[in-house]
Amino acid sequence: MQTQIILLIIAAFITALIVALFQYWYKTKNRKKNILFFAFLRFLSVFALLLLLINPTFKQNTYYIEKPVLVVAVDNSSSIKYLKQDQEVTQFANQIAENEELNERFDITYYSFSDKLNDSLRFSFDQKQTNISKALEELEQIHKNTIAPTIVITDGNQTYGKDYQFSSLGYKQAVYPIISGDTIKLLDTKIQQLNVNRYAYLKNKFPVEVILTYSGNEEITTTFQVKSGNSTIFSQPVSFSGTNNSTVVNFTLPANRVGVNQYVAELTPLDIEKNTINNSKTFAVEVIDQKTNVLLISDIVHPDLGAIKKSVESNERRSITISKPNEKKDLNDYQLVILYQPNTRYRGVYEKLNTLKKNYFTITGPKTDWVFLNRIQNKYTQEITRQNEYYVPRYNNNYGAFLQEDIGFQSYPPLIGTFGEIRMNSNHDPLLYRTVSNIDTEEILLATIERGGVREAVLFGEGIWRWRAQNYLDTQKFEDFDEFFGKLIQYLASSKRKSRLNTISESFYYGNASVVIKAEYFTKNYEFERRGNLRISIKNKETEATQTIPMLLKNNSYEVDLSNLEAGNYEYTVTVLGENIARSGSFAILEYDVEQQFLNADVTKLMQVATNTNGKSYYLNQKDTLIKELLEDQRYQTIQKNKENVVSLIDWKYLLAIVILLLTIEWFARKYNGLI
């Protein structure tokens, strides 16, 4: 390729020379002394124009200096402030930022982190959660192509996420943990963990498990108790020693009152304890007066049955019974009946359902007797082809019977259903459509029907066990699928009439969790209304303080984040401006700050991180030592790099200017000599 360009340039040179000699030597009879000057100008301009047409390329090398990056990440969680290290941490970070030698040697970048990583050198020390492992993973992604030693200023106390002392084994940058907080082990008793179910049933007892720990060498005895209001409902003495530094207390409490019941677990602190906040923990249990009972009727054995059972019973408030169609069951004992691939043996079941006006969920598939099903009900009919087809689900964003989000249905495995057209003979709300051979259709895969006070759902395909398995492969948990299936079960098991405004909230929230309330608003035709103007009014029952906040549209719901509210009991009302529609509810926020449960910095884990990454750990008073070792470390050298660019001659604008200049000089010279 280069040889061809060289030949073209030689040809251009010869051509330009011939053109110049032809015009000023061969055709000119009166050859003056300056004729060679004119020929030279014409040769240069023609040669330059031909070079622009050939447009040769050449390599251009640029050299630049690349300094190593110094990452400074500061823990912005409230435990730093609680351990009274906020001023020292801020001062340390500012001194790093102001050090001239470090700034000359490194490109310094600053981050703060808590439950997420932020690009900032401003600290509030009020965040409620800490995830050090996630911060390290994100820093590695940001600086994976550079040399970036990382200074992490933290107390090492992580509230959730992967254990960072092990996940740091894969971190490719050297980490320098700066340990903030008291490292002296003080005498302390605490409630390490409290395990309790979120729901209990009226007139039953619910179990509670509490793990109590002790940090000290002396033998002590204290009391663990649980209070409800001003009454003590459980009490037990506990003893600790230097060798026996933990104990597990198991007990049961009665569920005598429907609703949210709040309790306070307390471990009586010792007189010399420094941190007494971790000696108490508030928890709550919602007592309900009945359980949602679901009856699953199937004439065949199929993996779908196990998936449905697992999904339904993932919520403690629901139970499921699997039965054959010929077994005698009192349908009044169940809020919902699931009919799996019906055939002629289901005739009696359908007759009872029609008589009792029970809600039911029909799942069809290759073994469904469509001749029977088309006759026994009139809400939908399937074309009889006796052939099967694979159907990939496609979510309907306009679904409005209940609040649901797309959990990635289109990436789920296809269901097996009967090939042929489905005719819906009743008003229905499609939740999922069919995609066949990558072609999106308007054929129904899953729909809900509400007629005559009876709710029904119909799924035209078998194999939802694969959906649940795929959800686990995607997220390492079944939560998304179980929540989707649970909402469908909840909708079908309920006999409430459809409302234009619905609210969704938990009965109580823990203080370290997000407090999000959602609402769905529909038009008079029960289509989701995206233009609604919703407001929520929050009232604290104890202080009577109220505030009104607009709710923001997000996907197919309106929501508001109330995580900044203090612990307490609240009631709320959601209203639609311009409409006489409102919905009310209540919730409680339990007082709990996980960041205040720590007494010391976690020195062991931070030192292990330094070892794993070939770094070194320091304390806040060792700033000068850290700076000196960073400046002397030969791993962090300034590098001169060469960048090679391939540049086209046509991009060189000066050549065009030279051509214009040559032609201009030639024109004026010819004019001056009377050749024009």
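Start at Arg345, which makes a salt bridge with Asp299; their closest N and O atoms sit 2.7 Å apart. (A salt bridge here is a side-chain nitrogen of Lys or Arg within 4 Å of a carboxyl oxygen of Asp or Glu.) Before going further, a word on provenance: this is a predicted model, where local features need pLDDT of at least 70 and side-chain atom pairs count only at pLDDT 80 or more, while totals for chains, interfaces and linings use all residues. Residues are numbered from 1 along each chain as its sequence is written, and side-chain values use heavy atoms, with hydrogens and water left out.

Back to the salt bridges. Searching the whole structure turns up 23 of them. Arg345 is exposed, at a relative accessible area of 54%. The cut-offs are under 20% relative accessible area for buried, over 50% for exposed, and partly exposed in between, with a 1.4 Å probe and protein chains only.

Another salt bridge joins Glu629 to Lys616, with the closest N and O atoms 3.3 Å apart. This pair also links distant parts of the chain, 13 residues apart, with Glu629 in helix 14 (residues 623-632) and Lys616 in the loop between helix 13 (603-612) and strand 35. Glu629 counts as partly exposed at 30% relative accessibility, and Lys616 counts as partly exposed at 40%. Then look at Arg635 and Asp633, whose side chains meet in a salt bridge at 2.8 Å, N to O. Arg635 is partly exposed, with a relative accessible area of 40%, whereas Asp633 is buried at 17%.

Now for the helices. How do helix 8 and helix 12 cross? The axes of helix 8 (residues 303-312) and helix 12 (residues 479-493) come within 9 Å and cross at roughly 80 degrees. Axes are lines fitted to C-alpha atoms, for helices over the stretch in contact, and angles run from 0 to 180 degrees between N-to-C directions. The two helices are therefore roughly perpendicular to each other, a label that covers 65 to 115 degrees. In the contact (heavy atoms within 4.5 Å), Ile308, Ser311 and Val312 of helix 8 meet Phe481, Asp482, Phe485 and Ile489 of helix 12.

Two strands pair if DSSP finds at least two bridges between them. Strand 2 (residues 69-75) and strand 5 (residues 150-154) pair in the parallel sense over four bridges, and Val74 stands opposite Ile153 in strand 5.

The other sheet is open too, with four strands in the order 26-28-32-31 and antiparallel pairing. Its edge strands are strand 26 (501-504) and strand 31 (552-554), each pairing on one side only. Strand 26 and strand 28 (residues 516-521) run antiparallel and are joined by four bridges; Asn502 has Glu520 in strand 28 as its bridge partner.

Technical notes:
Angles under 35 degrees count as roughly parallel, over 145 as roughly antiparallel, 65 to 115 as roughly perpendicular and the rest as oblique.
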